Structure formats: C-alpha cells, structure tokens
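Subject: Handing over the structure

Dear colleague,

I am passing on the structure that we talked about, together with some notes on what was found in it. Please open it first and keep it beside you while you read.

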Amino acid sequence: MSKTNGAALPQYKPADFTSDQDVRWCPGCGDYAVLTGVRKALAVFGGKKEDYVFVSGIGCAARFPYYLDTYGMHTIHGRAVAVATGVKLANPGLEVCVVSGDGDLLSIGGNHTLHAMRRNVDLTVVLLNNRIYGLTKGQYSPTSEVGKITKSTPMGSLDAPVNPLSFALASGATFVARSLDVDVKLFESIYSQGVAHPGFSFIEVYQDCNIFNHAAFFYASQKENRADNTIALEHGKPMVFGASRNKGLRRCPDGFEVVELGNGISEDDLVVHNENDRSLAFRLSQMRHPEFPEALGVLYRNDSQPTYDAMVHNQIAEARRTKPEANLESLLLGDETWDVG
C-alpha cells in the first residue's frame, strides 16, 4: 500500500478500473487497445479511483467514460474540453482526462481545444484519430486526406486536413506526443507522462476504424513496415530509424533530409531530439509518410509554464487576502451603476 498525506492508498490492478458496462465498439476497433493502455496506466499511478475524471463528447471514442470505474461525464458534441476545464477549475485536485475523436475535438470542438491549449489548463487530452466520422457511418472528418471518397464527399474531399500535432504546438500545448492504438506499451508510457505533466497534455493516437476507414495508418502501425516508416523519438538521442537502424534525419537548408548511415555519414551527423525545443517539435510534426518517417513518442514538453487553473486559484487567494471585505454583490454593482427612477 502506498501512502499520501499519511493515508494508505489501495493498490490496484487494471481490472479494478473496469466498469460493469459491456464494451460496445466494433470488433477489431483500435479503441480497445487504448482502453487497455489507460487501465494499465491508472493501476500504477498510485491515486484513488475517485481522483480521476474522464470526460468525452460525441462519437465512438465518447463511450470511454462508461468503460472505466472512475468518475466520468459524457457531454455534448464538441464541448468535452470546456466541461473538463470547468471540472479542473472547480476541483484542481482531480486528474481530468478528455478522450475523444478527431471530429469532436477538431471540428465543432476545435475552438474549445485551442483556448484550453493556449491557457495551459492542466488537462490530458487523448485524440483518437481515425480520419473519419465513424459513429455517423463514414463521413470525411477534419483530418481526412484530400481526395477522400466518403458518403458526404462522393467525388473526393477538397479540404486540406488539420495536422493535430502542428495545431497543438501552434496553439500553446505544453506536452505534445503521438502514439499508436496497437502499441499498448508505447501508449501507456506516453499517457503516463502526459498525466504527470503539469499543464495541457495532448496525445494523438493513430487509431484504426476497421469498418469505415480500415488500414488508414497501417504504414505506421504494422510490424513489417513500421520501423521504416516511423521514427521513435528519444530525448537526447540521435534520430535513427529503419528496420536495420541504418537511416536517420539530418538537417538541411529546407529542414530535414533522410540519409543512410555509412559512406562517411554517422550518427554524429544526425539531428538529436530535444523535447524542450518547440521549433524542432513543429518540424517533426510536419513530417509525413512516404517522404519522411512519422514521429512517435514525445515531441515537446515544457514543465515550467504556469497552469491556468493554478493561476486562477492563486488570484482568488490573493483577492481574499487583500480585500477580505469584498463580496459578490459589490463586485457586480461596482462604481458605475445607478438606479433609474
């Protein structure tokens, strides 16, 4: 048993975070693996079940709170981050996590996502990106590629897709990472780091919708080609990839270039990953298959930026200290109100 403030805490197993609800995703959906990763991570965090709140919007991913034996809220379309912000401000001692899809977080909910990022609200947001609207049966989403044939774009989508990681970095998120649905070990590691991070944590997960957009990310997730098409980021380590670990990323005037090791090129010539370099992270977020390997792991973190929720509570405490006589009525009325006779 671990202890917090002298009180003994229960030691959990992943099964302890399993609710009594039947999981109702399509067989083979990538959400199952992510759910497993979350349960495994929660079991080793050391807190109580009552310390965690999972908030979702609308979509297949929005069923997440039902399947976890923690507090949870299934909110309305696009408003999960706004509700989660309210929960965190009301009770900053809670660990608040949003789990939702690319449509919910980046389309109708994009406005809320952006502002929570720039404020650095202490939330963990897991974006399950399958590049499609799955719950409503296969319409193109904000992350669908140009030319995507769907029921709502029978001649192909004309929209340039949102790049979730670039969006997060440009909006001010202080922890930005990417994982795969099928790699539970990688996801568990990234998710644990995201929850521990003091600030807005954004984790994109390449997730397979095997009914309406099957194999969208198979170039990155399958064992036979993953090593050549992705690069596993390690802080302070040169960026080496490939099944034979014989390729790497080197700086060039246009950004990065892929090189083969040997013939005078060594790991000393490669880019070294620095999680604290936002500009480097942005370049990594722009890399796209097949020209470049796509980055997996933690692209960026800044653990020192103050969180919005902490600043709000500090401001409240300061107001109470300096103006103990103040009350809500006087604040609302102020000095510029008058009665009309």
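Is arginine 321 buried or exposed? Before the answer, please bear in mind that this is a predicted model. Arginine 321 counts as exposed, because its relative accessibility is 59%. Its side chain forms a salt bridge with glutamate 318, and the closest N and O atoms of the two are 2.8 Å apart. Both residues sit in helix 10, and because they are three residues apart there, about one helical turn separates them. Glutamate 318, with a relative accessible area of 37%, is partly exposed.

Other salt bridges

As background, side chains of opposite charge can pair when their charged atoms come close.

Helix 2 and what covers it

Helix 2 spans residues 80-90, and its buried residues are Ala80, Val81, Ala84, Thr85, Val87 and Lys88. When you look down the axis of helix 2, these buried residues fall within an arc of 160°, so they line one face of the helix. The elements that cover them include strand 3 (52-56), strand 4 (71-74), strand 5 (95-101), helix 3 (102-108), helix 4 (110-119) and helix 10 (308-322).

Strand 5, one of those covering elements, is itself mostly covered, with six of its seven residues buried. Strand 5 runs parallel to strand 3, and four bridges join the two; in this pairing, tyrosine 52 has glutamate 95 of strand 5 as its bridge partner. Strand 5 is also joined by five bridges to strand 6 (residues 124-129), again in parallel, and there the bridge partner of valine 99 is valine 126 in strand 6.

Two loop residues

Histidine 77 is in the loop between strand 4 and helix 2, and with a relative accessible area of 30% it is partly exposed. Leaving aside residues up to four places away in sequence, histidine 77 touches Ile58, Asp104 and Ile108. With aspartate 104 the side chain of histidine 77 makes a polar contact, side chain to side chain, at 2.7 Å. Histidine 77 and serine 100 are 23 residues apart in sequence, and their C-alpha atoms are 9.9 Å apart in space.

Aspartate 183 lies in the loop between strand 7 (175-180) and helix 6 (184-196), and at 15% relative accessibility it counts as buried. What does the side chain of aspartate 183 make a polar contact with at 2.7 Å? The partner is the side chain of arginine 226.

Cysteines

A disulfide is a covalent bond between the sulfur atoms of two cysteines. How many disulfides are counted here? The count comes to zero. For cysteine 29, the closest cysteine sulfur is that of cysteine 26, and because it is 6.5 Å away, it is too far for a bond. Cysteine 97 is in no disulfide either, as the nearest cysteine sulfur, that of cysteine 29, is 17 Å away. Cysteine 29 counts as buried at 12% relative accessibility, and cysteine 97 is buried too, with a relative accessible area of 3%.

With best wishes

Terms used: Residues numbered from 1 in each chain as written. Predicted model: local features only at pLDDT ≥ 70, side-chain atom pairs only at ≥ 80, totals over all residues. Heavy atoms only, no water. Buried < 20%, exposed > 50% of the residue type's maximum accessible area, 1.4 Å probe, protein only. Polar contact = N/O pair within 3.5 Å; in protein donor to acceptor, adjacent residues only side chain to side chain. Arc of directions from axis to C-beta. Contact = heavy atoms within 4.5 Å. Disulfide = S-S within 2.5 Å. Salt bridge = Lys/Arg side-chain N within 4 Å of Asp/Glu carboxyl O. Pairing = 2+ DSSP bridges.
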